[in-house]
Amino acid sequence: MIIPTFRSISYQKDIYLERALPSKGKILLNIGEKLNSYSKIGFSKNSIREILIPIELKVAKNSFNQKQYKIGDLVAYGKNKYLFAPFDGYLENRGKINVLVKDPEDYWLISGVNGIVENVIPSRSVLIKTSGFELKFFSTSTSSCEGVLEVLPNPSELIEIEYMEKYIKNGLGKIVYTGDFLRKEMLLKAIEIGCEGLITSSCDRDTLKIAKENNFFVGVLSGFGRVPLREKTWKFLKTFKSKYSIVRENSDNLFISELDSDYKNDHPFVNLKIGER
């Protein structure tokens, strides 16, 4: 008898991960080189972030194509709603949709994993052989994200924004686990301080919709509504705090490269049992 099962945490041995520049640039690595998580792969010049402005909001200035905004400028507003620029950028009109696009800059791509370079496509990408852990998401707002995993100290809903301001401050390059339930206010704060993405046990559909509208990554681990995080998953997140993590394109998995890990030894990966997640 075959029983469908789902395992939220798994160990992947000797997998191949492609790391690609967003556009044609310069690759610095050669086949056979050993990498750590922060090895530089190469760079290209790109605008790597944008925010879709909800159609119900009115732009704060005359909407000429590529109108410039600085961090903190009022971009759009509506009834009790205000959108401020979280980065330097310009307003671009795409038919009926206005988009705030971050100014192009040198984008450095790091490996994000430990491993060995197996192949190189000049000016574009490298193929890396690696091993590590995958954490499965229930749902995500966008298809990819990467950054250093930060785990707030099990905050309550009432003080989580204060924790964010105290422990994170500048969210650049960080993916933050925020707690059992993601409130809209917490999401907007994370966007404001420039976080790469958020991870939560649960949230409501409206909050996830706001994340999608802003092209901002939110990974939901347990479900919609108010669902507490499993203790096993919480221990996993705490174990790999401050590790570089990657959500690969359309994978719905958080990948953390660990060739040798005490977590793997302490939590051996065995055959699944009936009813186990």
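**Group meeting talk: helices, cores and a few loops**

Okay, let's start with Ser242, which sits in the loop between helix H4 (231-239) and strand E21 (244-247). Keep in mind that this is a predicted model. Ser242 has a positive phi, about 75°, even though it isn't a glycine. As background, most residues other than glycine have a negative phi.

You'll find Ser123 in the loop between strand E13 (115-121) and strand E14 (125-136).

Now for the inside. A general point before the details: in soluble globular proteins, nonpolar side chains tend to be buried together. Here, the largest nonpolar core has 32 residues. Which of them touch the most other members? Those are Met164, Leu187, Cys195, Leu198, Phe216 and Val218. As for where the core comes from, the elements giving two or more residues include three helices, H1 (160-167), H2 (184-192) and H3 (205-213). On the strand side we have E5 (50-53), E8 (74-78), E19 (197-203) and E20 (217-224). H2 gives the most, with four residues.

Let me zoom in on Val218. Leaving aside residues up to four places away in sequence, Val218 touches Ser139, Thr140 and Ser141, then Leu182, Leu187 and Leu198, and also Thr200, Leu208 and Ala211. Apart from this core lies another one, of 21 residues, and among them are Val151, Ile199, Trp234 and Leu237.

On to the helices. Two packed helices are described by the angle between their axes and the distance between the axes. Take H1 and H2 to begin with: they pack at about 20°, with their axes 10 Å apart. Angles under 35 degrees count as roughly parallel, so H1 and H2 are roughly parallel to each other. Their crossing is right-handed. Who makes the contact? From H1 it's Glu160, Ile161, Met164 and Glu165, and from H2 it's Glu185, Met186, Lys189 and Ala190. That contact divides into four nonpolar, no polar and four charged residues.

The axes of H2 and H3 come within 10 Å and cross at roughly 15°. By that cut-off for the angle, H2 and H3 are therefore roughly parallel to each other too. The crossing of H2 and H3 is right-handed as well. Here H2 brings Lys184, Leu187 and Leu188, while H3 brings Thr207, Ile210 and Ala211. By class, the contact of H2 with H3 has four nonpolar residues, one polar and one charged. Two of these names, Leu187 and Ala211, were in the list for Val218.

Last stop, Pro228. This proline lies in the loop between E20 and H4. Pro228 has 55% relative accessibility, and because exposed means over 50%, Pro228 counts as exposed. What does Pro228 touch, not counting residues up to four places away in sequence? The answer is Asp180, Ser201 and Ser222. Then look across at Gly179: Pro228 and Gly179 are 49 residues apart in sequence, and C-alpha to C-alpha they are 8.4 Å apart in space.

Key. Residues are numbered from 1 along each chain as its sequence is written. This is a predicted model: local features need pLDDT of at least 70, side-chain atom pairs count only at pLDDT 80 or more; totals for chains, interfaces and linings use all residues. Side-chain values use heavy atoms; hydrogens and water are left out. A nonpolar core is a set of buried Ala, Val, Leu, Ile, Met, Phe, Trp, Tyr and Cys residues joined through side-chain atoms within 4.5 Å. Buried means under 20% relative accessible area, exposed over 50%, partly exposed in between (1.4 Å probe, protein chains only). Contact means heavy atoms within 4.5 Å. Axes are lines fitted to C-alpha atoms, for helices over the stretch in contact, and angles run from 0 to 180 degrees between N-to-C directions. Angles under 35 degrees count as roughly parallel, over 145 as roughly antiparallel, 65 to 115 as roughly perpendicular and the rest as oblique. A crossing is left-handed if the near helix is turned anticlockwise from the far one by less than a right angle, and right-handed if clockwise. Ala, Val, Leu, Ile, Met, Phe, Trp, Tyr, Cys and Pro count as nonpolar, Asp, Glu, Lys and Arg as charged, and the others, Gly among them, as polar.
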